[in-house]
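Open the model in your viewer and keep the selection tool at hand. The tour goes from one selection to the next.

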Amino acid sequence: MSKNRLNYGDARLYLIHALTSLHVGSGRGTGFIDLPIMREKTTGWPIIPGSSVKGVWLDYYSAMPGADNSKIRVAFGREENDPEDEHASSLAITDARIILLPVRSFYGTFAYATSPLALTRLVRDLEASGIAAPVDGVPEVNNEDGVLVTEDSVLKERGLVFFEDLDLTVEQEDKEQIKLVEEWADYFSRILFDKRYADLLKRRFAVVPDSTFDFLSQQGTEINALIRIDSETKVVARNALWNEEYLPAETVLGGIVWGDQVYGSNLTPNDLLNEFCSNSIICQMGGKKTIGKGLVRCLFVGGENKDGD
């Protein structure tokens, strides 16, 4: 298939749903946040590098009882100390980019916020993966201080919503935009939750302007102060107080995983995707595992019929 058509061959969309706070760090920070999370250079929005996702999946499948190491090596590449000839990973994994960001709301407790640009990039990734876009269009917010929510949203009161330090006006006049918001809320509810929890997202779904999403992506993350106790004195060790940044629980990010060539095996790319990228998995990603951080659910969209369900 032609690479000029943005066709990734056999591909899936993968989603990362944070069940607890998530820290995938970028090293030392230069401001008051000592250990910030990874962000895109162009947008400043949070990401999880594809290399981190690949390493987590490799560890997860390698630790499973009865793991087929031959398939794992084909899918994720050989380890550095492997005595056999090394070869590259047959699965390619892009960075996971932000799709839904949970933000504090005065009404409804919190919202699943997204933006037109975030949804547009998701649609582009789906189409590049050969998966039909779930909704025919992306909602646009007309005003910089506006917001789009569902008809039965718990976020609004007297035509206003309050996110963090922002007060936004609910745009209700354009019924076509409201219809798109309802359809996107229904789509995310369907792929992320079963029927018991569908309303949790649908009634808290919100589309904000890209500039507002920029602000929320910078100001809506968690900043936790951590310390290290000196084992002898039982007080905080010298220079052992620091601030770490986390994506809050309920954050959703997404990327593409695909295979267009398999190395060292007769397996097809679709064989590997069906083996490792079909069923949802719960695993640990990022730092601070021992204090319950980084528990995530990885889900996969696409497959044989490429219908987005």
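Helices (H or I, at least four residues) and strands (E, at least two) are DSSP runs, numbered from the N terminus. This is a predicted model, where local features need pLDDT of at least 70, side-chain atom pairs count only at pLDDT 80 or more, and totals for chains, interfaces and linings use all residues. Residues are numbered from 1 along each chain as its sequence is written, and side-chain values use heavy atoms, with hydrogens and water left out.

Select I282, which sits in strand β13 (residues 281-284).

Next, select helix α7, residues 269-276. Its buried residues (under 20% relative accessible area; exposed is over 50%, partly exposed in between, with a 1.4 Å probe and protein chains only) are P269, N270, L272, L273 and F276. They lie on the same side of α7, because they cover an arc of only 160° around the axis, taken from the directions from the helix axis to the C-beta atoms.

Now select K71 and E275. Their side chains meet in a salt bridge at 3.5 Å, N to O. The term means a side-chain nitrogen of Lys or Arg within 4 Å of a carboxyl oxygen of Asp or Glu. K71 belongs to helix α2 and E275 to helix α7, so the pair ties together parts 204 residues apart in sequence. K71 is partly exposed at 27% relative accessibility, and E275 is partly exposed at 39%.

Move to helix α4, residues 175-192, and select K179 and E183, which are four residues apart, about one turn of the helix. They form a salt bridge, with the closest N and O atoms 2.6 Å apart.

Last, select D186, R190 and K202, which a network of salt bridges links.
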